[in-house]
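The following paragraphs lead the reader through a predicted model.

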Amino acid sequence: MLIWLRGLLTRRTGRLVASASGVAVAVALLAALGVFLASAMSTMTARSIQRVPVDWQVEVQPGADGAQVGQALRHDHGASAVREVDFGAVTGFESASGGQVLTTGPGQVVGLPPDYAAVFPGELRFLTGSSQGVLLAQQTAANLHAAPGDTVVLHRAGLPDATVRVDGIADLPQADSLFQRVGAPPGAQPQAPPDNVLLLGADQWNRLYREPVHRQFHVRLAHRLPADPAAAYEQVTGSARNLEARLAGAGLVGDNLGSALDAAREDALYAQVLFLFLGLPGAALAACLTAAIAGSGRARRRGEQALLRARGAAARDLVRLALAEALLVGVTGAPAGLGLAAIVGRIVFGPAGFGATLPTTVAWGAMAAGVGLLTAGATILLPAVRDARRVSVMEARRAVGTFRWPAWARYGLDAWLLAGSLVVFWATSREGYQLVLVPEGIPQISVNYWAFAGPALLWAGTGLLIWRLTCLLLGPGRPAVERLARPLASGLAGTVAATVARQRRTVGRTVAIAALALAFAVSTATFTATYRQQALVDAQLTNGADVTVSESPGAYAPPATEHRISAVPGVAAVEPLQHRFAYVGSDLQDLYGVRPGTVLNTTRLQDAYFSGGTARQVVDRLAHRPDAILVSQETVRDFQLHLGDTLRLRLQDGRTKRYRTVAFHYAGVVTEFPTAPRDSFLVANASYVAAQTGSDSVGTFLVTADGVAPHTLADRLRATLGPQARITDLDTTRGVIGSSLTAVDLGGLTTIELAFALALAVAATALPLILGFTERRRTFALARVLGARPRQLGAFVWTEILLVGLATAVLGALAGWGLSHMLVAILTGVFDPPPSGLAVPWGYLGADGALAVTGLLVAGAVTVWAARRPPLNVLRDL
Amino acid sequence: MNELVGCERAGRTYGRGRNAVVAVHGVDCAVTEGDRIAVTGPSGSGKTTLMHLLAGLDQPTSGHVRRRAVTVGIVFQGLSLLPPLNIVENVALPLLIAGCDEKEAGERALNALKTVDLADLAERLPEEVSGGQAQRAAVARVLAAAPRLIIADEPTGQLDSAQAAHVMDLLVELATGLRAGLVVATHDTSVADRLTSRWEMRDGTLRSRSC
């Protein structure tokens with residue numbers, strides 16, 4: 001055994017290293033992706049925790065004893081901090097400024113303990129003045145023109161008026177959750193926060209209000225949660241339900257952390273799905289490459305087996321030797337792969353970003369190493385066992401063999417697999433299909449694993465079909481190959497074609513693996529590029545433009561503000577966008593007033609945002625009719641609208657502040673619009689809206705940069721417009737809006753994928769060819785002895801390389817194109833908004849192609865160089 | 001008779017320094033048209049190296065090898081057919097390498113196979129024929145090239161006696177028909193006895209010559 005192993009190490013070093021490298025690539029890909037997946041899920045959970053300022057808002061129910069609820073919470077082991085928050089009502093606030101008395105509508109007065117901001121830092125943002133005492137919300141301060149030191153009158157509901165002195169102005173970034181309706185039934189409309197808010201210290205609040213309108217306990221949990229968002233969600237929501245049960249109706253839990261984790265678990269599931277769709281094919285390809293590398297020496301191994309058997313070795317002995325070789329490859333390849341994964345992880349993510357915890361890293365590493373050992377066993381041991389049991393000594397000596405179509409080809413397995421793939425694809429790309437189903441608020445989550453069959457069948461069917469096509473080209477298509485070889489081989493063209501044709505099994509396998517490696521690179525890169533494209537579109541839709549300037553709701557921003565913005569260096573164009581609210585029946589929707597003449601020039605409206613025409617055609621309808629309005633598809637369906645129908649909306653009049661009915665005419669459907677919400681909204685002519693409401697106030701200005709980085713331009717605009725304006729930029733939005741999936745997973749996942757795809761494409765084209773040529777050293781040496789010159793041997797080599805290169809490029813590109821379409825269609829849930837077409841990363845694909853061609857050229861050059869060796873030396877070595 | 005190839009104090013050493021192995025040294029010999037020479041000697045005596053020097057496959061590290069510009073046909077020890085080519089393609093290969101027209105090369109190869117009685121196996125792969133048939137195909141390959149000098153290194157080494165006799169008959173007939181010189185390296189005395197001259201190799205030197 002040791003002699004055999006020593007012989008392998010000294011005489012078959014190249015093949016052993018190549019096989020171990022294939023195992024290493026498979027192990028590295030799995031380990032890198034797996035560890036990163038675990039890390040990303042942990043990050044998702046951590047980010048969900050960070051995003052939530054108050055984990056639980058426990059609302060004391062009417063008639064219940066608040067003190068008891070507080071006591072129960074303080075004894076809850078899961079809670080690390082509990083603070084009481086009381087809410088009181090006012091019918092309005094009043095202030096006197098510049099001889100004018102300013103009043104507001106109804107609002108709320110919130111009583112907070114002194115350390116509230118320290119315990120829940122995300123809930124309050126102090127803008128000016130003191131951070132303690134009486135704090136006026138920013139919008140209320142704007143409405144009342146109040147500043148620190150001013151006096152505000154509180155018209156308390158059911159109580160006499162009270163006066164307070166403002167100590168500071170604060171912003172409430174999480175007002176939606178702070179004023180949420182705890183215990184609202186699932187699917188209920190979210191409750192808008194009050195327009196006017198005053199914050200008081202708990203003592204002062206207690207002096208002003210004896211009884212709260214409602215009382216809450218804000219809770220920060222201990223955050224000892226599982227890394228997996230789904231498990232963390234179950235734990236948090238389970239604890240919340242447990243608490244409600246213990247409170248026996250005295251309190252309801254507003255589970256903010258559970259809601260955040262609820263969203264994250266869908267992202268986590270998509271991350272797992274992406275791992276399966278994008279990662280597993282790569283690992284399987286690496287295993288196939290290892291099999292091809294090991295298989296290219298199969299004739300030699302069979303010959304050696306035959307010699308050993310002729311000298312009395314039993315089948316058991318041959319299996320032991322093969323097992324030793326497989327173990328040698330496995331135990332060298334697996335650690336090398338783990339090392340490679342660690343290096344790739346460090347390079348891509350840095351020391352802090354790779355691997356969530358030691359146990360998950362160890363678990364994924366062990367799993368990947370196990371796969372590596374299995375790969376070595378399957379590619380080296382299994383064929384040897386099969387040969388030892390079934391192949392006779394005479395058969396084993398056969399290096400070429402008569403070509404016969406395998407059973408799968410005779411029964412058309414490739415066609416069946418592709419047909420099955422198309423059926424699954426058709427079923428999964430229908431409307432209403434959801435790959436990942438995460439019902440809101442329900443612990444059970446599900447993945448439609450049936451969808452995985454589509455790409456899996458396509459991969460398998462394509463690989464077999466490529467093999468079949470290559471064999472057909474080299475068999476019945478041999479005359480064409482001869483013509484192709486003629487310029488290189490001249491009189492030897494027929495002989496060259498015959499040589500390649502008789503190697504069609506091996507050449508077919510080389511082309512199949514190389515083409516699949518190329519398809520892997522193409523599909524992964526296209527998917528990634530499409531995802532990035534849609535992420536940018538999403539950011540543009542969310543932010544509206546490179547930079548968006550929004551005036552605070554109560555402030556009047558006249559159209560002239562456009563000129564102030566235009567004057568800022570770095571601004572290429574400014575588009576004012578009116579933002580109002582309008583009632584369609586009883587449904588309150590966002591209404592955007594636009595200038596049809598300029599909106600297309602200064603914003604990136606895509607045709608996909610409209611239906612029934614291009615962006616230009618639909619916007620032109622607004623230009624042609626002042627009272628035209630674009631509505632959502634949902635509105636069309638709900639209200640049974642037809643083009644030209646009159647649509648009466650209720651809008652707030654700018655002068656009287658009362659709602660009045662305004663008539664519009666339905667002119668088209670809009671599905672997406674910058675800054676608009678994802679559900680229903682309306683788009684109309686700004687001039688018509690201003691005329692009908694008596695206010696030309698512009699809520700938002702969409703600013704296009706002239707090449708300056710959006711965040712730089714945003715800084716300049718902040719300096720010019722002051723703190724009243726809310727300014728957001730595309731750079732920041734891309735970081736913020738991206739779900740944890742966008743921000744964490746896909747970037748790392750695709751970086752690993754693309755790097756491995758490149759390596760696989762190069763290795764899959766060059767390695768099998770080099771090893772195949774190495775196995776034919778004897779043939780080349782004999783030809784040299786018969787008088788062949790190196791140039792004539794080169795004709796054999798370059799013809800085969802040309803064939804493999806052309807077939808790989810054509811078939812691989814086609815397969816990649818098909819896989820890209822299928823991946824994007826099946827994983828459509830990852831994209832928001834769905835793409836109208838694929839983004840092709842030509843740069844990456846060009847680099848990939850160049851590297852593959854380089855690999856082919858290197859393989860050819862190495863073989864031709866090796867063929868120059870004196871033939872007697874070669875024959876003597878063999 | 002015209003000399004086809006000759007050695008003058010020819011030697012061949014493999015390796016250098018302490019690892020140097022002298023395979024052949026100080027050999028003086030000549031092969032002329034019509035010669036039928038058996039090169040005999042035990043394993044490792046330098047027979048194959050001498051054959052390689054005579055065939056021009058190897059160069060002497062000392063001394064000199066004289067050579068006339070004639071076609072040399074070589075029959076190797078063991079299987080020398082190219083595995084991916086069928087029998088007729090193998091036979092035609094040297095002709096194609098030499099620049100012969102494909103059609104003509106094919107015809108000549110087929111004729112050569114008919115001569116060695118292998119025409120019906122022309123389309124088979126080397127691995128699909130017996131050792132004797134493969135060696136006859138190798139002879140046909142030499143025949144097709146019509147050489148003036150035939151060098152055969154242990155052409156019957158892996159054949160049984162009947163097949164060996166057949167192959168030797170073919171080689172001698174071929175050489176006679178082409179009026180070529182024939183040199184056969186063998187350790188089989190029955191093979192050597194069929195040829196007119198015998199060169200005895202011992203420890204890399206040509207010890208004796210007999211006719």
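How much area do chain B and chain A bury between them? The two chains bury about 2300 Å², 62% of it on carbon and sulfur atoms; buried area here is the accessible area (1.4 Å probe) that two parts lose on being put together, summed over both. In chain B, the residues that lose the most area to chain A are Pro84(B), Ile97(B) and Glu127(B), together 30% of what that side buries. The contact, defined by heavy atoms within 4.5 Å, takes 29 residues from chain A and 24 residues from chain B.

This is a predicted model in which local features need pLDDT of at least 70 and side-chain atom pairs count only at pLDDT 80 or more, whereas totals for chains, interfaces and linings use all residues. Residues are numbered from 1 along each chain as its sequence is written, chains are lettered from A and ligands numbered from 1 in the order in which they are written, and side-chain values use heavy atoms, with hydrogens and water left out.

Charged pairs also span the interface. Side chains of opposite charge can pair when their charged atoms come close. The rule for a salt bridge (a side-chain nitrogen of Lys or Arg within 4 Å of a carboxyl oxygen of Asp or Glu) finds 3 of them across the interface of chain B and chain A. One of these joins Arg478(A) to Glu89(B), with the closest N and O atoms 3.5 Å apart. On the side of chain B that touches chain A, the largest share, 5 residues, comes from helix α2 (residues 87–97) of chain B; helices (H or I, at least four residues) and strands (E, at least two) are DSSP runs, numbered from the N terminus.

Chain B itself has 6 helices and 9 strands. Its radius of gyration, taken over C-alpha atoms, is 17 Å, close to the 17 Å that the globule rule (2.2 Å times the number of residues to the power 0.38) gives for 211 residues, so chain B is as compact as a globular protein of that length. Its C-alpha atoms fill a box of roughly 50 × 40 × 35 Å along the principal axes. Buried residues (under 20% relative accessible area; exposed is over 50%, partly exposed in between; 1.4 Å probe, protein chains only) make up 55% of the 211 residues in chain B.

Arg9(B) lies in strand β1 (residues 3–14) and is exposed, because its relative accessibility is 55%. Ala146(B) lies in the loop between α4 (131–145) and β6 (149–153) and is partly exposed at 35%.

That loop between α4 and β6 also holds Arg148(B), which forms a salt bridge with Glu33(B), the closest N and O atoms being 2.1 Å apart. The pair links distant parts of the chain, 115 residues apart, with Glu33(B) in the loop between β2 (21–32) and β3 (36–40). Glu33(B) counts as buried at 15% relative accessibility, while Arg148(B) is partly exposed at 28%.

In chain A, Val219(A) is in strand β11 (residues 214–221) and counts as buried, because its relative accessibility is 0%. Among the residues that Val219(A) touches are Val54(A), Trp56(A), Leu73(A) and Phe120(A). Elsewhere in chain A, Glu84(A), Asp86(A) and Arg215(A) are linked in a network of salt bridges.

Conventions. Lists of a residue's contacts leave out its neighbours within four places in sequence.
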